[in-house]
Amino acid sequence: MSAKLTEDQVRHVARLARLNCTDEEIALFTSQLRAILDYVAQLEELDTTDVEPLAHCLPVHNVFRADEVRESLSNDQALANAPQRDGEYFAVPKVLGDTSA
Amino acid sequence: MKEELIVGLEIHVQLATKTKMFCGCKLAFGDPPNSNVCPVCLGMPGVLPVMNRQAYEYAVRAGLALNCQIARFTKWDRKGYYYPDLPKNYQISQYDLPMSHDGFLDIELDDKRTKTIRILRAHLEEDAGKNLHEGLDHSRVDLNRTGTPLLEIVTQPDLSSAEECRILAMELQKLMQFLGVSEANMQKGHMRFEPNINLKITEDGREYRTPICEVKNLNSFRALERAVAYEEWRQLEEWKNNHDYTLDNYGKQNRGWDDDKEETVFQREKEEAHDYRYFPEPDLVPVEIDDAWLDRIKSEIPELPGVMKKRFTEEYGLNDYDAAVLTGDRATADFFNQAVQAGGPAKRVANIVTQFGLKTANEQDRRMDEIGVSTEQVAQLAQLVENGLINASAAATIFEIILDDERHPETIARENNLIQQSDTGALEAMVDEVIATNIQAVQDFQTGGKKSGKARGFLLGQVMQKSKGKANPKIVGELIDKKLKK
């Protein structure tokens, strides 16, 4: 990493993850993330000119299952860990209908 | 001033698998909320997704039919997504190595011109669940749909009118249904469209490009066409008021579609691709597809509507219009094919299906195979017409009856006294009687010329009336000709 991570970049990433951070937290996370990135940056010492990018670390491919129905959880089991529920639904703070998946 | 509309379309197609993309939860429409969920699609920590082989093969089948290059090696990626309808906080998708790319689809425009729409890529991904918030102070989340396999098809910006967008969407629906990879049922949300729209405007030698707007989640052909037409109008108006309304100044943005007001509404500045923070999905291994597997999938591609239509005109001698109607949707095409296989003469079956069957289906808002007649009954009915046992109006009457009567059409024809009289002896007596009492018409017929044809028709009509519509008109005509031609 040649350029240092900035607080603005951390704020941006926090916003994308819908996280509210105080200025103190931003300062703390910025220094912590910098340390992590500096650590990982050691990899850049390696010459990878002729190395193919790896899609996966295991030499395995084509792990499939058949299209067969398996039993799902019951509604109560599914909602057991939910902080809030509304009948058969999970209840969450109101979100705008974005669903851009 | 010259303006040109530029549209690229993203289409999400729900694949017709029994289970989800990465877990064995059932795919069902209208089940109670959160009843088809498990730790994998709930995004619990520590779970592992496993690919659904059928979903992958359906996607490859669709990619092949879209004339795409099928990637021999693909992988999965995580796409950042922070909404509660996908609780993992990422969507499993394909980023840099999609399973297919660089294809095309031909569409036929209303003026019969063919236009080729290039396909940039088609890849697999998982759907999100549903957030419901109408009339509530919070959101309800139903995760039954979470993890449903979706094929995302992305076209090049080759579409240049709202109408072309609608035609392409309908063509894709038909293709997916014929391929058997999706029910493509619009009411069940099996197809969703996201057009990317902007204008190229030339004025006084200068070229302007309006900001690209992506309209999210359109779920009907009508909404798609209207939304594109609205954007075309809106962007031009905005630019007329402010020539700085350009892509360079405003970037891309997302808009939603208000179905009641029939207008698009601003949602947010579009996050640039890197903001999705794609990275390789470590929980899934890559897919490699070899010749044998690819050949097997190729062999599973059934006859597609274009080829089938051609066969109907060439092999069965159907006209272009009927062939197009019969291949307009998979259910109708299957019904027709099966009735012909059951021994129905093709042209007669075509008439029955297009004139009576589809009329009934439209009235009932059902598919051809759902209106109550069997393919065997239609084949038998077609044979009755072909053999001259019943005439066209009797066929219509019988069709009405067999909508809720499972018996052989001939039984019904006899019971209702609808069998045509083809017995030459009995018909000859009637013809003689008509000739004897209509001297003027006989004279006109024999004189020849203009009046001749009309007179023949009149005499034939008299015999038909005498027989109460049961005489076989072909035989009656022959008898009249034989008796009066000198």
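**Where the chains meet**

Mentor: Let's start with one pair: the side chains of Asp86(A) and Arg140(B) form a salt bridge, 2.8 Å from N to O. That term means a side-chain nitrogen of Lys or Arg within 4 Å of a carboxyl oxygen of Asp or Glu. This is a predicted model, where local features need pLDDT of at least 70, side-chain atom pairs count only at pLDDT 80 or more, and totals for chains, interfaces and linings use all residues. Residues are numbered from 1 along each chain as its sequence is written, chains are lettered from A in the order written, and side-chain values use heavy atoms, leaving out hydrogens and water.

Trainee: How many salt bridges cross the interface of chain A and chain B?

Mentor: The rule finds 1 there.

Trainee: Okay, and which element gives the most to chain A's side?

Mentor: β3(A), with 5 residues. Strands like this are DSSP runs (E, at least two residues), numbered from the N terminus. β3(A) pairs with strand β10 (residues 138–142) of chain B, antiparallel, over 4 bridges; pairing takes at least two DSSP bridges. In that pairing, Pro93(A) stands opposite His138(B).

Trainee: New topic: how much area do chain A and chain B bury between them?

Mentor: About 4500 Å², 56% of it on carbon and sulfur atoms. Buried area is the accessible area (1.4 Å probe) that two parts lose on being put together, summed over both.

Trainee: And how many residues does each chain bring to the contact?

Mentor: Chain A brings 37 and chain B brings 64, with contact meaning heavy atoms within 4.5 Å.
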